[in-house]
Amino acid sequence: MPATRMTQHLSTEAARAARQWYIADASDQVLGRLATRIAATLRGKHRPTFAPHIDAGDFVIVVNAAAVRLTGTKENNKRYHRHTNYPGGVKTLTAAEMRAKHPTRLVRAAVEGMLPKNRL
């Protein structure tokens, strides 16, 4: 009979206890590249103990969100849509308008689009 090999797994509590806080400076950073690094940090993919079923990612604070950079013609051509839940209530903003009104939503929308759409 072959010997069974036991693997050791990190428990959920131990993974959550090791969470850290990071500060990301968005000034003069390209939006997509910054968002991928933030999304990976939020999920915990930078850790050797990553497991997709455990919410063991770190916390990220983004500063200078208004100074993030968009490449090409995305400043005027990229559009953000939302709906007011009223008939005909689709509101559309360009990236330049979004940066002027709500600069944090610009970064938040990019990061949320890169995170999995599940309970974690």
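Colleague: Why does Glu 75 count as partly exposed?

Modeller: Bearing in mind that this is a predicted model, Glu 75 has a relative accessibility of 24%, and because partly exposed covers the range between under 20% for buried and over 50% for exposed, Glu 75 counts as partly exposed.

Colleague: What makes the contact of Glu 75 with Arg 99 a salt bridge?

Modeller: The closest N and O atoms of Glu 75 and Arg 99 are 2.9 Å apart, and a side-chain nitrogen of Arg has to lie within 4 Å of a carboxyl oxygen of Glu, so the pair is called a salt bridge. This pair links distant parts of the chain, with Glu 75 in helix α3 and Arg 99 in helix α4, 24 residues apart.

Colleague: Is Arg 99 buried or exposed, and why?

Modeller: Arg 99 is buried, because its relative accessibility is 17% and the limit for that label is under 20%.

Colleague: How many salt bridges does the structure hold?

Modeller: The structure holds 4 salt bridges, and one of them joins the side chains of Arg 19 and Asp 55 at 3.2 Å, N to O. Arg 19 lies in the loop between α1 and β1 and Asp 55 in the loop between α2 and β2, so the pair ties together parts that are 36 residues apart in sequence.

Colleague: Why are Glu 112 and Arg 108 said to be separated by about one helical turn?

Modeller: They are 4 residues apart in helix α5, residues 103–114, which is why the separation is put at about one helical turn; their side chains meet in a salt bridge of 3.0 Å, N to O. Arg 108 is called exposed because its relative accessible area is 56% and the label needs over 50%, whereas Glu 112, with 43%, is partly exposed.

Colleague: Why is Arg 47 called buried?

Modeller: Arg 47 lies in the loop between α2 and β2, and at 18% relative accessibility against a limit of under 20%, Arg 47 counts as buried. Among the residues that Arg 47 touches are Ala 18, Arg 19 and Asp 58.

How values were computed:
Residues are numbered from 1 along each chain as its sequence is written. This is a predicted model: local features need pLDDT of at least 70, side-chain atom pairs count only at pLDDT 80 or more; totals for chains, interfaces and linings use all residues. Side-chain values use heavy atoms; hydrogens and water are left out. Helices (H or I, at least four residues) and strands (E, at least two) are DSSP runs, numbered from the N terminus. Buried means under 20% relative accessible area, exposed over 50%, partly exposed in between (1.4 Å probe, protein chains only). Contact means heavy atoms within 4.5 Å. Lists of a residue's contacts leave out its neighbours within four places in sequence.
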